[in-house]
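Visitor: I am new to this structure and would like to learn how to read its features. Please take them one at a time, with the general idea before the case.

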Amino acid sequence: SILHRDYRGELDRSTCEVFFKNVKFYQGKHQEAPPIFNIDGVNYMYMKKNGIFFVLTTIKNISPSLAMEFLLRITKVFKDYCGIFSEESIRSNFLLLYELLDEIIDNGFIQGTSSDTLKSYIFNEPVVVEKKKMKFQLPKFNPKTTSSDATNKPISFKHSKQGGRDEIFVDIFERISITFNSKGNLLHSAIDGTIQMKSYLSGNPDLKLALNEELTIGKGSSRGSFGVVEIDDCNFHECVRLDDFESQRIISFTPPDGEFVVMNYRITGDFRVPFRIFPFFELSSPYKIELIVKIRADIPENNSGTNIVVQFPVPKTTSSVSSTTGIGVTGQTTEYDSKKKNVTWKIKKMGGGTEHTLRTKIVLTKAHTSNVRKEIGPVSLQFEIPLFNPSALQVRYLRIMPNSTGQANNPYRWVRYVTKSQSYVCRL
């Protein structure tokens, strides 16, 4: 183990070995263990982040949801204080991370997981570990953009000379859940959105974040008005003041140290679905099945979906699978896993308004029955779309109010929109 802290001395040090033995070979089989399991009276609860296992062990009967939330908070605190979250950064910051663990937990009791609160008790400086860069670097043409690695700085840098310029990062993340029927018609749609921030502003000035003026809260409140952004419900960080939210849709707050969520929101109304899935099913013979999956990108032409992965299971009686994409198509790969009986289709990049088709021929060892259609699918889709959000929620402006000392320079404000799939499924 890289880091290990026993707060009560109730467990043997061998719990580390027991965990690593069972996490990959659970119950003696070559399978991953569930997030929570019990062996010899010891509860193991773990989370995997960037290839690193965070494990909590106890003989007490504690709330599983509390344990998993605590592990998630630990990963966020470590990232805030180390900048980059990797094995190398953890090994380089032993003293800092042990100091954090001792302040976060006392005798097995959680004291606090706020990066902003912990800064008063942490005195070790972080050892900065830079990400490995590619040998070939593209030149910077647009001074109005910055690298996504710009947020990989420890929060302590905002109080030191190493920190560089004053800047603040705003991310609007939207995770989409979609269900289509076999004809490609929409059955269910929902957006789980988050406005997330990370501040490197000196002096902790007050901020004003303005959203769409035509923003309504509550399902059915817009009554179909054109241009209105309707969200079902939302919640805010404890630092947010809502004095001007109802009248002007302005959020006021003093940002705490570290990465934090300003606002969570949910939308279940009609919105522009970024990708459409159209499956076509053919029974060519008693032993052969042909499945055609067409993907269409219903996003603006200047946007592109990246890291697209399409997956679907095939019948257990499958003996062989052959998949073909369009003629002359590049940046696409197909793979069939004979053990898991699963087909994977990967598309590196897909521009708005384009279509791609996968034709899969399935050969069976037994003649198919009327239930064979139930054994194929559903078709699931994973993707990421930068610079696009289907809800149309926008940041009108981010105003940094001058503090008592006055703002010396005009800070940089970076805003990013990213849409990702959460559960994107087409039934067959």
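Guide: A disulfide is a pair of cysteine sulfur atoms within 2.5 Å. This structure holds zero disulfides. The model is a predicted one, in which local features need pLDDT of at least 70 and side-chain atom pairs count only at pLDDT 80 or more, while totals for chains, interfaces and linings use all residues. Residues are numbered from 1 along each chain as its sequence is written, and side-chain values use heavy atoms, with hydrogens and water left out.

Visitor: Is cysteine 16 buried or exposed? And what is the relative accessible area of cysteine 426?

Guide: Buried means under 20% relative accessible area, exposed means over 50%, and partly exposed is in between, with a 1.4 Å probe and protein chains only. Cysteine 16 counts as buried because its relative accessibility is 18%. Cysteine 426 is buried too, with a relative accessible area of 0%. Buried residues make up 43% of the 428 residues in the protein.

Visitor: How many helices and strands does the protein have?

Guide: Helices (H or I, at least four residues) and strands (E, at least two) are DSSP runs, numbered from the N terminus. The protein has seven helices and 24 strands.

Visitor: Which residues of helix H4 are buried, and what do they pack against?

Guide: Contact means heavy atoms within 4.5 Å. Helix H4 covers residues 94-104, and its buried residues are Leu96, Leu97, Glu99, Leu100, Leu101 and Ile104. They pack against H2, H3, strand E4 (105-106), E5 and helix H5 (115-118). Across the protein, 70% of the contacts with a separation of 6 or more are between residues 24 or more positions apart.

Visitor: How many residues are in the largest nonpolar core?

Guide: A nonpolar core is a set of buried Ala, Val, Leu, Ile, Met, Phe, Trp, Tyr and Cys residues joined through side-chain atoms within 4.5 Å. The largest one has 64 residues, and Ile195, Met197, Leu211, Phe253, Phe275 and Tyr424 have the most contacts inside it. Strand E6 (residues 167-180) gives the largest share of this core, six residues. Another core, of 24 residues, lies apart from it and includes Ile52, Leu96, Ile104 and Leu118.

Visitor: What is tyrosine 424 in contact with?

Guide: Leaving aside neighbours within four places in sequence, the contacts of tyrosine 424 include Ile176, Ile178, Phe180, Phe275 and Phe383. Phenylalanine 271 is in the loop between strand E14 (259-267) and strand E15 (275-285), and it counts as buried because its relative accessibility is 14%. Its C-alpha atom is separated by 8.8 Å from that of alanine 392, 121 residues apart along the chain.

Visitor: What is the volume of the second largest pocket?

Guide: Rolling a probe the size of a water molecule over the atoms shows where empty space is left. On a 1 Å grid over the protein atoms alone, a cavity is a set of points where a 1.4 Å probe fits but cannot get out, and a pocket is an open set with protein on both sides within 12 Å along at least five of seven lines; lining residues have an atom within 4 Å of a point. Grid points are joined across faces, edges and corners, and a volume is the space filled by probe spheres set on the points. The second largest pocket has a volume of about 1200 Å³. Of the 41 residues that line this pocket, Arg5, Tyr7, Val55, Leu56 and Thr57 are the closest to its centre. Strand E3 gives the largest share of the lining, seven residues.
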